[in-house]
Amino acid sequence: MTAKDTLAHLATALLDGSIKVIDCTGPLGPNTPLLKLPPEIADDTPPIEIHQISRYGDRGPFWAWNWLKLGEHSGTHFDAPHHWITGKDYADGSVDTIDPQYFMAPANVIDCSKQAAEDPDFLLTVDHVKSWEAENGEIQEGEWVLMRTDWDQYNTDEAKFLNADESGPHTPGPTAEVIQYLMEEKKALGWGSQCIGTDAGAAGGFEIPFPAHNLLHKHNRYGLASLTNLDKLPAKGAILVTAPLKIVEGTGSPIRAIALVAA
Ligand SMILES: O=C(O)C(=O)c1ccccc1S
Ligand SMILES: [Ca+2]
Ligand SMILES: [Mn+2]
């Protein structure tokens, strides 16, 4: 089948509903959970603000529009290599310079929802990933690897979503070894999480602090955070669309993540 035939079949399938578009994005507004870092070491993204310019009234009789105060790393978002010091020197490491070919790619969904429900500090290991590959097929070069935890169920309550206590945040994520494996052995396109960031909540205290950020961006590869509805995606076979805004020299961007899945 030629690429032209494939596109024609895709168009038909989208219109007849045999390929569904799944929204993998959380609501973006003043109530969207935002990362809270220890105030002694870092500043945080300010709260999201949506300001009305007009709404069909005397400031714009026929139109409505707003202006936004919005951090790059807000809500469901894309992490570019420049987001981390290990990726700072890549000429194609900001959202406006990344090859757009990467913004549409196959997705592997590793279901850790039961483990995350039992242990909010659950860490995915290389053994887990290899067992998953044995059952579902190998992760191929250029594909996303997404950790399904169903953590999106908490995304309307920042305290629950961040799940922090006196010892810090407790949310699931990958071990450094998993990201190392995905980058060096599998040459994956990147790593996605349903939590506030690509790293586990406790990752600031790991031997390599924040290893997912460190290693993904060291390899000039990408992260996705605060994804939703991964429970609606198959283990393999979905195509994920993750185009960031073309923010000049941007380190990341809120996205409307969507997945194409067979009905
Ligand atoms: O990329 C993010 O939004 C994120 O999760 C993050 C940002 C800055 C510092 C630590 C982390 S962990
Ligand atoms: Ca869901
Ligand atoms: Mn981010």
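User: Tyr-154 first: how exposed is that residue?
Analyst: Tyr-154 is partly exposed, its relative accessible area being 26%; buried stands for under 20% relative accessible area, exposed for over 50%, and partly exposed for what lies in between, with a 1.4 Å probe and protein chains only. This is a predicted model, where local features need pLDDT of at least 70 and side-chain atom pairs count only at pLDDT 80 or more, while totals for chains, interfaces and linings use all residues. Residues are numbered from 1 along each chain as its sequence is written, chains are lettered from A and ligands numbered from 1 in the order written, and side-chain values use heavy atoms, without hydrogens and water.

User: And Trp-151, buried or exposed?
Analyst: Trp-151 counts as buried, at 5% relative accessibility.

User: How many aromatic pairs are there overall?
Analyst: There are 7 aromatic pairs in the structure, a pair being rings of Phe, Tyr or Trp (its six-membered ring) with centres within 6.5 Å, stacked if the planes are under 30 degrees apart, edge-to-face if over 60 and tilted otherwise. One of them joins Trp-84 and Phe-210 edge-to-face, with 5.7 Å from centre to centre and 70° between the planes. Trp-84 is in the loop between strand 4 (77-79) and strand 5 (104-111), and Phe-210 in the loop between strand 11 (190-193) and helix 6 (211-218), so this pair ties together parts that are 126 residues apart in sequence. Helices (H or I, at least four residues) and strands (E, at least two) are DSSP runs numbered from the N terminus.
Analyst: Trp-151 and Tyr-154 also form an edge-to-face pair, at 5.0 Å centre to centre and 75° between the planes.

User: Which residues make up the aromatic cluster?
Analyst: One aromatic cluster is formed by Phe-78, Tyr-102, Phe-103, Trp-144 and Tyr-222.

User: Which polar side-chain atom lies 2.8 Å from an oxygen atom of the ligand?
Analyst: That atom belongs to His-213, and Asp-79 has a polar side-chain atom 3.1 Å from a ligand 1 oxygen, while for an N or O atom in the side chain of His-77 the distance to an oxygen of the ligand is 3.3 Å; polar contacts here are N or O pairs within 3.5 Å.
Analyst: The protein buries 86% of the 320 Å² that ligand 1 exposes when taken alone, with areas from the Shrake-Rupley method and a 1.4 Å probe.

User: What coordinates the manganese ion?
Analyst: The manganese ion (ligand 3) is coordinated by His-73 through ND1, His-77 through NE2 and Asp-79 through OD, at 2.0 to 2.2 Å, donors being N, O and S atoms within 2.8 Å of the metal, or 3.2 Å for Na, K and Ca. Along the chain, these manganese donors follow the spacing H-x3-H-x1-D, and both His-73 and His-77 are buried.

User: Last one: where is His-217?
Analyst: His-217 is placed in helix 6 and counts as buried, with 0% relative accessibility. A polar atom of the His-217 side chain lies 2.9 Å from the backbone oxygen of Arg-221.

Technical notes:
A polar contact is a pair of N or O atoms within 3.5 Å; within protein, one must be able to donate a hydrogen and the other to accept it, and residues adjacent in sequence count only if both atoms are side-chain atoms.
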